[in-house]
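Hi everyone, thanks for making time for this. I'd like to walk you through one model today, so let me put the sequence and the structure up on the screen.

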Amino acid sequence: VASLIDSPINIGGLCRAAEIYGCSELHVPFKNIVNDKAFARVSVSSESHITIIHTSPLDLVAYLTGKRLQGYTILGVEQTDSSLILGADNTKLPQKVVLVMGAERTGIPANILVECDQCVEMKQWGVTRSLNVQTAAATVLYEWRRQHG
Ligand code: SAH
């Protein structure tokens with residue numbers, strides 16, 4: 001879910017990673033994002049091979065509630081004091097999962113965090129506070145695919 005992301009460049013990168021690792025859908029905040037030049041430069045036609053759905057941040061709670069009723073686990077990809085650590089032995093990513101990415105500067109807002117069944121984060125060693133959202137998504141998607149084949 002890229003509904004909280006502002007930058008077309010980042011949404012393009014999320015589209016590319018989502019398609020490469022086999023997501024069934026990518027949720028985007030803007031209609032016609034695929035016509036944006038900055039998006040297209042990074043997405044490199046990956047948008048032709050994945051279903052892109054317009055889900056405004058205002059509709060996100062309703063969307064997540066619906067997916068949970070369909071049996072999906074809602075997983076926030078975010079640094080929190082109770083996040084599971086990606087790659088740790090006890091961190092199993094559900095196969096049926098909705099991955100929610102946070103906004104570039106402010107992360108996942110509180111009203112969406114409470115909708116997440118769990119959060120997962122990548123451990124960091126450097127000084128910089130967080131990864132770019134594309135990098136974070138690709139890392140989680142790689143591990144999800146590795147666990148589920
Ligand atoms: N919350 C960050 C800003 C967001 S970075 C801050 O306060 O600096 C943009 C998004 O990338 C985050 O909301 C999250 O979805 C993802 N992200 C970045 N680094 C991450 C990490 N180490 N673990 C999990 N998600 C991360």
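Let me start with a serine. S56 has a relative accessibility of 15%, so it counts as buried, the cut-off being under 20%. Please keep in mind throughout that this is a predicted model. Where is S56? It is placed in the loop that runs between β2 (51-54) and α3 (60-69). Its side chain reaches the backbone nitrogen of L58, at 2.9 Å.

The loop between β2 and α3 also holds D59. Is D59 buried or partly exposed? With a relative accessible area of 44%, D59 is partly exposed. Along the chain, D59 and S3 are 56 residues apart, and their C-alpha atoms are separated by 9.3 Å.

How many residues surround it? There are 18, and the closest are V77, E78, G102, Q124 and R129. By class, that shell has eight nonpolar, five polar and five charged residues.

An oxygen atom of the ligand sits 2.6 Å from an N or O atom in the side chain of R129. For the side chain of E78, an N or O atom is 2.7 Å from a ligand oxygen. How much of the ligand does the protein bury? Taken alone, the ligand exposes 550 Å², and the protein buries 92% of that. As for secondary structure, the elements giving two or more residues to the shell are β6 (118-121) and α5 (133-148).

In soluble globular proteins, nonpolar side chains tend to be buried together. Here the largest nonpolar core has 27 residues, and L26 and M101 touch the most other members. At least two residues each come from α1 (8-20), β1 (25-28), β3 (73-77), β5 (97-101) and α5. Which element gives the largest share? That is α5, with six residues.

Let's zoom in on L26. Not counting residues up to four places away in sequence, L26 touches A2, I11, L14, C15, A18, I50, T51, I52 and I53. Apart from this core lies another one, of twelve residues, including Y63, L64, V100 and A103.

Next, a threonine. T91 is in the loop between β4 (84-85) and β5, and T91 is buried, with a relative accessible area of 2%. What does T91 contact, leaving aside neighbours within four places in sequence? The partners are L84, I85, L86, V120 and Q147.

Last stop, the backbone angles. Most residues other than glycine have a negative phi. V44 has a positive phi of about 40 degrees, although V44 is not a glycine. For S45, phi is also positive, near 70 degrees. V44 lies in the loop between α2 (37-43) and β2, and that loop holds S45 too. Relative accessible area is 47% for V44, which is partly exposed. S45 also counts as partly exposed, at 44% relative accessibility.

That's my tour, and I'm happy to take questions!

Note on methods. Residues are numbered from 1 along each chain as its sequence is written. This is a predicted model: local features need pLDDT of at least 70, side-chain atom pairs count only at pLDDT 80 or more; totals for chains, interfaces and linings use all residues. Side-chain values use heavy atoms; hydrogens and water are left out. A residue is near a molecule or strand if one of its heavy atoms lies within 4 Å of it. A polar contact is a pair of N or O atoms within 3.5 Å; within protein, one must be able to donate a hydrogen and the other to accept it, and residues adjacent in sequence count only if both atoms are side-chain atoms. Accessible areas come from the Shrake-Rupley method with a 1.4 Å probe; for residues, only the protein chains shown count as cover. Helices (H or I, at least four residues) and strands (E, at least two) are DSSP runs, numbered from the N terminus. Ala, Val, Leu, Ile, Met, Phe, Trp, Tyr, Cys and Pro count as nonpolar, Asp, Glu, Lys and Arg as charged, and the others, Gly among them, as polar. A nonpolar core is a set of buried Ala, Val, Leu, Ile, Met, Phe, Trp, Tyr and Cys residues joined through side-chain atoms within 4.5 Å. Buried means under 20% relative accessible area, exposed over 50%, partly exposed in between (1.4 Å probe, protein chains only). Contact means heavy atoms within 4.5 Å.
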